[in-house]
Amino acid sequence: MDSKVTSILSYLGILWLVAFFAGTKDEKSIYHLKQGFGLLVVGFVAGFILGIVLSIVPSLSFLGGILGLLFLALIVIGIINVTKDEQKPLPIFGKSFENIGFIK
């Protein structure tokens, strides 16, 4: 698997594991692995918190759709950055993902 495929898979949820264990690891793919992992973790945490909030106030269910669209937009932005061969952080959270230490 080449670097670009590894980088694209890193933004696609659970396929991050395939990219991490079976993909090529160069500077660009490691950067995108960090961004994708951070997005995955934030997505799980946001989904968990949203589930708690919706169990208390079910009328706020529209927040799930908004949150889903936000994460879809971030995934698309990440994949566009891969296709342009850019190492730009994702909007909102991306800067904090650059220092993830275990991905090398």
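Read along the sequence, the protein follows the pattern α-α-α-α-α. It has 5 helices and 0 strands, where helices (H or I, at least four residues) and strands (E, at least two) are DSSP runs numbered from the N terminus. This is a predicted model, in which local features need pLDDT of at least 70 and side-chain atom pairs count only at pLDDT 80 or more, while totals for chains, interfaces and linings use all residues. Residues are numbered from 1 along each chain as its sequence is written, and side-chain values use heavy atoms, with hydrogens and water left out.

## Overall extent

The C-alpha trace of the protein spans about 45 × 25 × 20 Å along its principal axes. Of the 104 residues, 31% count as buried. Buried means under 20% relative accessible area, exposed means over 50%, and partly exposed lies in between (1.4 Å probe, protein chains only). Taking contacts between residues at least 6 apart in sequence, 58% join residues at least 24 apart; contact means heavy atoms within 4.5 Å.

## Helices α3 and α4

Helix α3 covers residues 27-56 and helix α4 covers residues 62-83; they pack at an angle of about 180°, with their axes 11 Å apart. Therefore α3 is roughly antiparallel to α4. Axes here are lines fitted to C-alpha atoms, for helices over the stretch in contact, and angles run from 0 to 180 degrees between N-to-C directions. Angles under 35 degrees count as roughly parallel, over 145 as roughly antiparallel, 65 to 115 as roughly perpendicular and the rest as oblique.

On the α3 side, the contact includes His32, Leu39, Val42 and Leu50. Residues of α4 that they meet include Leu63, Leu67, Phe71 and Val82. The residues of this contact divide into 10 nonpolar, 5 polar and no charged. For this division, Ala, Val, Leu, Ile, Met, Phe, Trp, Tyr, Cys and Pro count as nonpolar, Asp, Glu, Lys and Arg as charged, and the others, Gly among them, as polar.

Leu60 is found in the loop between α3 and α4. Leu60 is partly exposed, with a relative accessible area of 28%. Leaving aside neighbours within four places in sequence, Leu60 is in contact with Val53 and Leu54. The C-alpha atoms of Leu60 and Ile75, 15 residues apart along the chain, are separated by 24 Å.

## Nonpolar cores

A nonpolar core is a set of buried Ala, Val, Leu, Ile, Met, Phe, Trp, Tyr and Cys residues joined through side-chain atoms within 4.5 Å. The largest such core has 9 residues in all: Leu9, Trp16, Ala19, Phe20, Ile30, Leu33, Phe97, Ile100 and Ile103. Helices α2 (16-22) and α3 each supply at least two residues of this core, and the largest share, 3 residues, comes from α2.

Leaving aside neighbours within four places in sequence, Phe97 is in contact with Lys34, Gln35, Gly38, Leu39 and Val42.

Ser7 has its place in helix α1. At 2% relative accessibility, Ser7 counts as buried. Beyond neighbours within four places in sequence, Ser7 is in contact with Lys28, Ser29, His32 and Val82.

## Salt bridges

Side chains of opposite charge can pair when their charged atoms come close. A salt bridge is a side-chain nitrogen of Lys or Arg within 4 Å of a carboxyl oxygen of Asp or Glu. By this rule the count comes to 2 salt bridges.

| Salt bridge | Separation of closest N and O atoms |
|---|---|
| Lys4 with Asp85 | 3.7 Å |
| Glu86 with Lys88 | 3.8 Å |

Lys4 is partly exposed at 34% relative accessibility, and Asp85 is partly exposed at 43%. In the other pair, Glu86 is partly exposed at 26%, and Lys88 is partly exposed at 44%.

Asp85 has a positive phi of about 55° although it is not a glycine. Ile92 lies in the loop between α4 and α5, and Ile92 has a positive phi of about 75° although it is not a glycine. At 64% relative accessibility, Ile92 counts as exposed.
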